[in-house]
Amino acid sequence: MKIRFLILILFFLLPAVSSGQRGQGSAERARGTLRAAVDGELSGPLFSRCIAAVEIADARSGDILYARNTQLLLRPASNVKLYTSAAAVLGLPTDFHFETRLGATDSSLRTLICIGGGDPLLTQQDIQKLADMAYDAGVRTLDTLVMDPSLLREDIYGRGWMWDDESDPFTPYLDAFSIDGNVVSVHVRRRRGVTDSLDISTDPPSALFTFTPVANTRGDGIFRLERRPRGNAFLVYGQPRSTSAVRERFSIWRPRELVADLLRRAFAQRGMVTDRTVVTFGDASTAMSMIGGIRRPLDDVLAAMNKRSDNLAAEMTLRALTFGTRRMSEGITGDDGLEDLVSILVTHGLDREGFALADGSGISFYNLSTAASLGRLLRMLAAHARFPRFRSSLAIGGRDGTLRARLSGIPTSSGIQAKTGTVRGVSALSGYVEAPGGRLLTVVMLMQNFSGRHAPYRGVQDHILKHCLAYSAALSRVTAPR
């Protein structure tokens, strides 16, 4: 009887063991295929003179599937936004809002106070809404408009930002007041049949922007616009060769002044008397009664930050980490936000030695991170209850954001959700890959110290993402041991 009993046990166990061995063997073959494929992508002449740090891991188990140069401190470019958005998701209340407030000092409603709340997505339409609120509250004559930007201190740019990038749209002026991303679009058109005559308009419209024609001393006949440093004055060199409109974008200097100008204009359009309105800037410590405000959900800002790689959204989110923990009497700085960012992420288990940040957006050349640290950050979020919120802020392959034009030819590209990063000599991409029915992977790719175009490196990244999709799909067919 004992022999027959043992035979029966073996009869039932052997298929399970065999199935487990087959599953383990299939997983190892898939892993070997992935490693060989990624090695092949990184072995070409493209990487003979530059650095590529790549880490691929199972997001749930933490198993490292592929690793190359993962302990090197490298420049992550806009992958810094992953640290910023992760700290915001983990450290700020779920109902956190950026708020621009409007109030009156007394019942006469002739002195209004507008308090900047660091909202990076404030628009001209929002300015109109504030004017409507004022009118509905009974404001008819405005004597004084006080603009209070005291929430933030005057560190108008991040540490390590290039001085000669000041007028570029990707380098926004940092202020408690923002408007249209702190970017102005300038439209220039040559008038038909009129020599040396130009029509120039701006969006947002404002007389604060001035334009001075200048002879093109280069002699190349090329029309160009130039914003002079530390101001909103523009030099206009030459003329467009055709009568078609030329459009260029520039960062705005001191956007608080533009917000005040647009507010006063919106008040006037609503029928209020503003001919003698005095605008002042400073800390409005006077008590006020609320008229209304514009509230911006954090999730809207996170989506702008990670999908579109909006630098202003990232910098304001970094500073927002401090809004809920302390209010500095002299105003909040980027360093205050960085201190809280590190505290939040280390508290949740991230190793402090893997990253050193100078800003929240990735513009600064002082930012450093290892691929291993970014990988740990992504896996840490994947294990957290707020993961869906974080993941939904990332660009989707072939669908939206900075990945809209990439991976569009792959049917399962929507399984790629990631953050791109681009500055001169750096191309990065980090995020998640999951094929339908497959395993969730974290992927980090930091490529840098190259010259020339970014496109070849993005192409390699896309190929690696395809290999990750294939690996994720392959694991869906692997049966784990019983």
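The largest pocket of this predicted model is lined by 40 residues, of which P169, F170, S309, D310 and N311 lie nearest its centre. A pocket is here an open set of points on a 1 Å grid over the protein atoms alone, with protein on both sides within 12 Å along at least five of seven lines, and its lining residues have an atom within 4 Å of a point. The space in the largest pocket amounts to about 810 Å³, where a volume is the space filled by probe spheres set on the points, and the points are joined across faces, edges and corners. The lining divides into 13 nonpolar, 16 polar and eleven charged residues; Ala, Val, Leu, Ile, Met, Phe, Trp, Tyr, Cys and Pro count as nonpolar, Asp, Glu, Lys and Arg as charged, and the others, Gly among them, as polar. At least two lining residues are supplied by each of β6 (183-190), α6 (311-323), β17 (416-423), β18 (426-433) and α10 (455-475), and the largest share, five residues, comes from β17. Helices (H or I, at least four residues) and strands (E, at least two) are DSSP runs, numbered from the N terminus.

Residues are numbered from 1 along each chain as its sequence is written. Local features need pLDDT of at least 70 and side-chain atom pairs count only at pLDDT 80 or more, whereas totals for chains, interfaces and linings use all residues, and side-chain values use heavy atoms, with hydrogens and water left out.

A search of the whole structure finds one cavity of 30 Å³ or more, a cavity being a set of grid points where a 1.4 Å probe fits but cannot get out. The largest cavity holds about 30 Å³ of space and is lined by P149, L152, R153, E154, L174, D175, A176 and R256, a lining that divides into four nonpolar, no polar and four charged residues.

The chain has ten helices and 19 strands, and its C-alpha atoms fill a box of roughly 105 × 60 × 35 Å, taken along the principal axes. Of the 482 residues in the chain, 52% are buried, a term that means under 20% relative accessible area, with exposed meaning over 50% and partly exposed in between (1.4 Å probe, protein chains only). Among contacts between residues at least 6 apart in sequence, 69% join residues at least 24 apart, where contact means heavy atoms within 4.5 Å.

Strands β17 and β18, which contribute to the lining of the largest pocket, also belong to an open sheet of six strands with the order β2-β1-β19-β18-β17-β16 and antiparallel pairing. The edge strands of this sheet are β2 (64-68) and β16 (395-396), each of which pairs on one side only; two strands are said to pair if DSSP finds at least two bridges between them. Strands of a sheet pair through backbone hydrogen bonds, either parallel or antiparallel. Within the sheet, β1 (residues 51-58) and β19 (residues 441-448) run antiparallel and are joined by eight bridges, with E55 standing opposite V444 in β19. The parallel sense is found between β4 (residues 111-115) and β5, which pair over five bridges, and here L145 in β5 is the bridge partner of L112. Strand β5 (residues 144-148) is mostly covered, as four of its five residues are buried.

V184, found in strand β6, counts as buried because its relative accessibility is 0%. Leaving aside neighbours within four places in sequence, V184 is in contact with T202, D203, P204, F209, F234, E248, R249, F250 and I252. The C-alpha atoms of V184 and P204, which are 20 residues apart along the chain, are separated by 6.2 Å.

S413 lies in the loop between β16 and β17 and is buried, with a relative accessible area of 6%. A polar atom of the S413 side chain lies 3.2 Å from the backbone oxygen of L407, and L407 is also listed, together with G397 and G398, among the residues that S413 touches when those up to four places away in sequence are not counted.

R391 has its place in helix α9 (residues 387-391) and is buried, with a relative accessible area of 17%. The side chain of R391 makes a polar contact with the side chain of E434 at 3.0 Å; such a contact is a pair of N or O atoms within 3.5 Å, of which, within protein, one must be able to donate a hydrogen and the other to accept it, and residues adjacent in sequence count only if both atoms are side-chain atoms. Not counting residues up to four places away in sequence, R391 touches Q417, E434 and L440.
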